[in-house]
Amino acid sequence: MSEPLSKLVIPSPVGPMQAFASDLGLRAVLFADSDPSRNGVSGPVKTGEEIPSSHWAALDAVSMQLTEYFAGARAVFDLPLDPVGTEFQQSAWRALRQIPFGQTRSYREQARAIGRPSAVRATCHCPEVASIVRAGLRR
């Protein structure tokens, strides 16, 4: 059985975002129309008053930091993470964290950065945990 995760829906200027957390930290931050099962979220999910106190630190932090980001008051996120993915996905996410705030990289550049220059298509298809990583997450 999967470890229980907790979900908090966070309003944002780009629409509602779903934040999922475990005892270790933030598992995923997704747009409302995203499929959680493709992004490391499986098994039971707690909401509202069911959310254990051990999950609130990550959920409160991501809510506050996203609000600050969309208000223009934050360029770098500092959140406890608990990403779930293959070694390839983990390396792609690490490479995304190296992109300075306000800069962009092509998928080709990202594939080269992880030492897999022919993996351009695979790099662009990593699950959407990358959404918050692309926004400036540092760990």
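Confidence comes up first. The mean pLDDT of the protein chain is 84, with 88% of its residues at 70 or more. Among the elements, strand E1 (residues 5-10) has the highest mean pLDDT, 94, while strand E6 (residues 137-138) has the lowest, 44. Over residues 133-139 the pLDDT falls below 50, although this stretch still has 29 contacts in the model beyond near neighbours in sequence. Where pLDDT is low, predicted coordinates should not be read in detail.

Next comes the sheet. Four strands make up an open sheet with mixed pairing, in the order E3-E2-E1-E4. Its edges are E3 and strand E4 (45-46), each of which pairs on one side only. E1 and E2 pair in the antiparallel sense over five bridges, and Leu8 stands opposite Ala19 of E2. These two strands form a hairpin with six residues between them, and Gly15 in the turn has a positive phi of about 105 degrees. E2 then pairs with E3, again antiparallel over five bridges. Here the hairpin has four residues between its strands, and Gly25 in the turn shows a positive phi of about 150 degrees. Across this pairing, Ala19 sits opposite Val29 in E3, and Gln18 has Leu30 of E3 as its bridge partner.

Five of its five residues are buried, so E2 is largely enclosed by the rest of the structure. In a regular strand, side chains alternate between the two faces of the sheet. Both faces of E2 are covered: Met17, Ala19 and Ala21 are buried on one side, and Gln18 and Phe20 are buried on the other.

Helix H1 lies across E1, E2 and E3, running at about 25 degrees to E1. The largest nonpolar core has 15 residues, of which Ala19, Leu26, Val29, Val62, Leu66 and Leu79 touch the most other members. The elements that give two or more residues to this core are strand E2 (17-21), strand E3 (26-31) and helix H1 (53-70), with the largest share, five residues, coming from H1. Apart from this core lies another one of five residues, including Leu5, Phe20, Leu30 and Val41. As a general matter, nonpolar side chains in soluble globular proteins tend to be buried together.

Then there are the aromatic rings. The structure holds two aromatic pairs. Tyr69 and Phe70 form an edge-to-face pair, at 5.4 Å centre to centre and with 70 degrees between the planes. The ring centres of Tyr69 and Phe77 lie 5.4 Å apart with the planes at 40 degrees, so this pair is tilted. Together, the ring pairs link Tyr69, Phe70 and Phe77 into a cluster. As for accessibility, Tyr69 is partly exposed at 26% relative accessible area, and Phe70 also counts as partly exposed, at 32%. Phe77, by contrast, is buried, at 0%.

One last stop is a loop. Ile99 lies between helix H2 (87-97) and helix H3 (107-113). With a relative accessible area of 14%, Ile99 falls under the 20% cut-off and therefore counts as buried. Its C-alpha atom is separated by 9.5 Å from that of Gln110, a residue 11 positions away along the chain.

Note on methods. Residues numbered from 1 in each chain as written. Predicted model: local features only at pLDDT ≥ 70, side-chain atom pairs only at ≥ 80, totals over all residues. Heavy atoms only, no water. pLDDT = per-residue confidence, 0-100. Contact = heavy atoms within 4.5 Å. Core = buried A, V, L, I, M, F, W, Y, C linked by side-chain atoms within 4.5 Å. Buried < 20%, exposed > 50% of the residue type's maximum accessible area, 1.4 Å probe, protein only. Pairing = 2+ DSSP bridges. Axes fitted to C-alpha atoms, helices over the stretch in contact; angles between N-to-C directions. Phe/Tyr/Trp six-rings, centres within 6.5 Å; stacked < 30°, edge-to-face > 60°.
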